[in-house]
Amino acid sequence: MIVTLARHATTLGLALALALGGDEVGSDSSYRRDPFRQLEELLPTPTSTRAASGAPGARYWQQRADYAIKVELDERQHRIRGSERITYTNNSPDELSYLWLQLDANIYRPDSDAARTRTAPAMNKMSFEELEQLLARERFDGGVRVQRVAARGGERLRYTVVKTMMRVELPRPLKPGKRFVLDIDWSYAINNSALVGGRTGYERFEADGNDIFEIAQWFPRMVAYSDATGWQHKQFLGRGEFTLELGDYDVEITAPADHVVTATGVLQNPRQVLTAKQRARLDRARRSKRPVFVVTPEEARAAETAKAGATRTKTWRFKAEDVRDFAFASSRKFIWDAMAVRVKGRKQPVMAMSLYPNEAEPLWSHYSTRAVAHTLDVYSRHTFPYPYPVAISVNGPVGGMEYPMICFNGPRPEDDGTYTERTKYGLISVVIHEVGHNYFPMIVNSDERQWTWMDEGLNSFLQFLAEQAWEADYPSRRGEPADIVGYMTSARQVPIMTNSESLLQFGNNAYGKPATALNILRETVLGRELFDYAFRVYARRWRFRRPMPADFFRTMEDASGVDLDWFWRGWFYTTLHADIALESVREFTVDSREPEVEKAFKRQQDATARPKSLTELRNKGARTLVDELPELKDFYNDYDEYTVSEGDRAEYRELLDAISDEERRLLKTNKRFYVVELKNRGGLVMPVILELRFEDGSREELRIPAEIWRRDSKRARTLIVRQKPLRGITLDPHLETADADLDNNHWPPTLRRSRFQLFKRKQNSHRKSDPRYERYEEFEQRKRARERKNPMQKARRPSD
């Protein structure tokens, strides 16, 4: 009932707005009329489970699911076979007559909703690889085969598979505070990532006949049941990721005997699966501040060549506490390095680790584990101390995907060991991003199926902070306001507050725009101190809990003490962009009324107010009738209106006698009053940052809050009073507001300079061959060949 009332509160606000002749309160047009309208009519009504402050309410609850899983990785058949026992705890106030589970691998069925709703490719041209992938997707069936669903005592339970979900009928309703134990046996085929991509799969190395397996979404998982949505069983279509319950995991993974396996959690049986040397190295890594090889490159190369354990198996056992998911990776090709990371607020160090094939060298041993360690340091400072014992980065077929304590990352160097700058920073960034997901959404356990931005956006923001702390001038792709302008001025957009499956321009919408918004909030709107405090409060309030967007919005206001409704409305509920124009600047000074001063000023102003017309210029020096007949001149021909008369001076003395000493001092005010006219062309209200440049060469920065637009969201005027004369003004001098048009940000306007390049036009075939053109063509070919090489290859000497 509480959930229903909360939903109705939002719906009622929309209905009232429409009934009163308005449009939706979250729309662009509504925002333009009143950008400072409060968000309460859009947000759900606070309840006893979610407080108006944004904190968990006094009666907040969430479910729990604990797993004991045994799984076999069949390398030859590329299949998973598993059995699991789920202990499900009903902490809700509701009786549950059935349970819902997720069967994510059903997305790989040929008849899945994801396959059927996929947009058709452009058919006018297609590569061989694209056609091969298209046909493989039609043939491959990676759906889950459920062999058994039973209660703990063996009683078979009825179940219904609904696409990527499965409903299990309970023998009796599960009452509040009670547990139910569920046993499931299942299997499925693992996808070849080169043909059927996704967040899981295997990579085949044809040169040595080995595979790397990165296994995720591989077991039936409990659907989340919450106070906000009930069962979150929106179908998995590929974009909207996962909404899961926290719990403890005890997982046994049986793999070929020569494989190295890594997974969510802590390895429980190193003596059974590692050599004595490897265990000694692992123990040394626990005390090392630098990465230590646990499995060396030589050992990995020997294993991939010999395949000595291909016909035998080993079982690796891992345990993890308070995690919402479990993933693992397995291969005989893995190199493994590790180091200890001291995280402030933790007694024991965290083990940062990376696993990768020799094909990833030398890039991975140099950067991956260091990036893991760096991420834990930066993120922990901005949120809470990393609570888990390990953090792992794995190189394989998946380009970038996150799970508790483990992530899959793709970038590798060229075959010759060189790499581009983009590959280097791409690896560092993807490791930071995917390891960072441990904080959002693995610990701050948001609903990814509904709101992608709540984990991707917040994580991309912290990724930007971590990148900037890696080195000066780090080439971050997202975070700087100037980098989001192209997206915010584009045509095909939807607001950030859009369901994950309906997003357009997914990366910009769910990653780039919210990350930029938070950076602007931190740097420009709140300032670092206020923002960092409020963001840390949000992270700590909701760690190991499930926040919704309203909880984030409310907490940031609650902890900062600043009304941010205008900001959330503009950036998260509309598709408007920022474009504030500096329309005009006018200077005023006090009229002193002193005739000598004012008439001289008027003479100068009138002389420069209007240029000489063309007619006046051409007639200059020509003789006129008055020149011929001087008798036509009278008083006005010699009259000078700027000449001070005795009457002017007497009038001034009379004025001084009629005013007070204070008023006489005000008449002598020598300050300059500048009225700056601003126009909001983009629609999004933002703070106004002005750089003032004075005639003496000095500069000053003036920061005006966004509330300057509260009475008129289209036009605003601000008054600047200074002693020194202004030479110029620049709006948004540090590019901190994502302003779309910089040409209208200057007074007076500035000249933009650029260059164009010349090229030699191709010869007509009927003309005689020109040897100079042939040499030019050879030059262009050599240039293109050089451009195909990365800088490391270009820097090598021919003998290298």
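## A nonpolar surface patch

L131, L134 and L135 make a nonpolar surface patch of about 220 Å². L131 sits in helix α4, residues 128-139. Its relative accessibility is 40%, so L131 counts as partly exposed. The model is predicted.

## The chain as a whole

The protein chain holds 24 helices and 30 strands. Its C-alpha atoms fill a box of roughly 125 × 85 × 55 Å along the principal axes. Of the 800 residues in the chain, 50% are buried.

The chain exposes about 40100 Å². Carbon and sulfur atoms supply 50% of that area. Contacts between residues at least 6 apart in sequence were also sorted by separation. Of these, 75% join residues at least 24 apart.

## The six-stranded sheet

Six strands form an open sheet. Their order is β16-β19-β20-β21-β23-β22, and the pairing is mixed. Which strands stand at the edges? They are β16 (292-295) and β22 (400-403). Each has a single partner strand, so one side of each is left without a neighbour in the sheet. From one strand to the next, the twist averages 20°.

Two helices can be followed from β16. Helix α6, residues 276-285, packs on the sheet. It touches β16, β19 and β20 (350-356). The direction of α6 makes about 150° with that of β16.

Helix α7, residues 297-306, also packs on the sheet. It touches β16 and β19. The direction of α7 makes about 20° with that of β16.

## The three-stranded sheet

A further open sheet has three strands in the order β24-β25-β28. The pairing here is antiparallel. Its edge strands are β24 (580-588) and β28 (715-722), and each pairs on one side only. The twist averages 20° from one strand to the next.

Eight bridges join β24 to β25, residues 672-680. These two strands run antiparallel. Within the pairing, E587 has Y674 of β25 as its bridge partner.

Strand β26 covers residues 688-694, and strand β27 covers residues 699-704. They run antiparallel and are joined by six bridges. V688 has I704 in β27 as its bridge partner.

How many residues lie between the strands of this hairpin? There are four. In the hairpin, G697 takes a positive phi near 90°.

## Cis peptide bonds

The bond from E361 to P362 is cis, with omega near 5°. P362 lies in the loop between β20 and α8 (363-382). Strand β20 also belongs to the six-stranded sheet, and helix α6 touches β20.

F440 and P441 are also joined by a cis peptide bond. Its omega is about 15°. Where is P441 found? P441 is in helix α10, residues 438-443.

Q217 has a phi near 50°, a positive value in a residue other than glycine. Q217 lies in the loop between β9 (210-215) and β10 (221-222). Is Q217 buried or exposed? Its relative accessibility is 7%, so Q217 counts as buried.

A738 has a phi near 60°, again positive in a residue other than glycine. The loop between β29 (726-731) and β30 (746-747) holds A738. Its relative accessible area is 4%. The cut-off for buried is under 20%, so A738 is buried.

Technical notes
Residues are numbered from 1 along each chain as its sequence is written. This is a predicted model: local features need pLDDT of at least 70, side-chain atom pairs count only at pLDDT 80 or more; totals for chains, interfaces and linings use all residues. Side-chain values use heavy atoms; hydrogens and water are left out. Two strands pair if DSSP finds at least two bridges between them. Axes are lines fitted to C-alpha atoms, for helices over the stretch in contact, and angles run from 0 to 180 degrees between N-to-C directions. Contact means heavy atoms within 4.5 Å. Patches are made of residues with over 30% relative accessible area and no salt bridge: like charges are joined within 9 Å, nonpolar side chains (Val, Leu, Ile, Met, Phe, Trp, Tyr) within 5 Å. Accessible areas come from the Shrake-Rupley method with a 1.4 Å probe; for residues, only the protein chains shown count as cover. A salt bridge is a side-chain nitrogen of Lys or Arg within 4 Å of a carboxyl oxygen of Asp or Glu. Buried means under 20% relative accessible area, exposed over 50%, partly exposed in between (1.4 Å probe, protein chains only).
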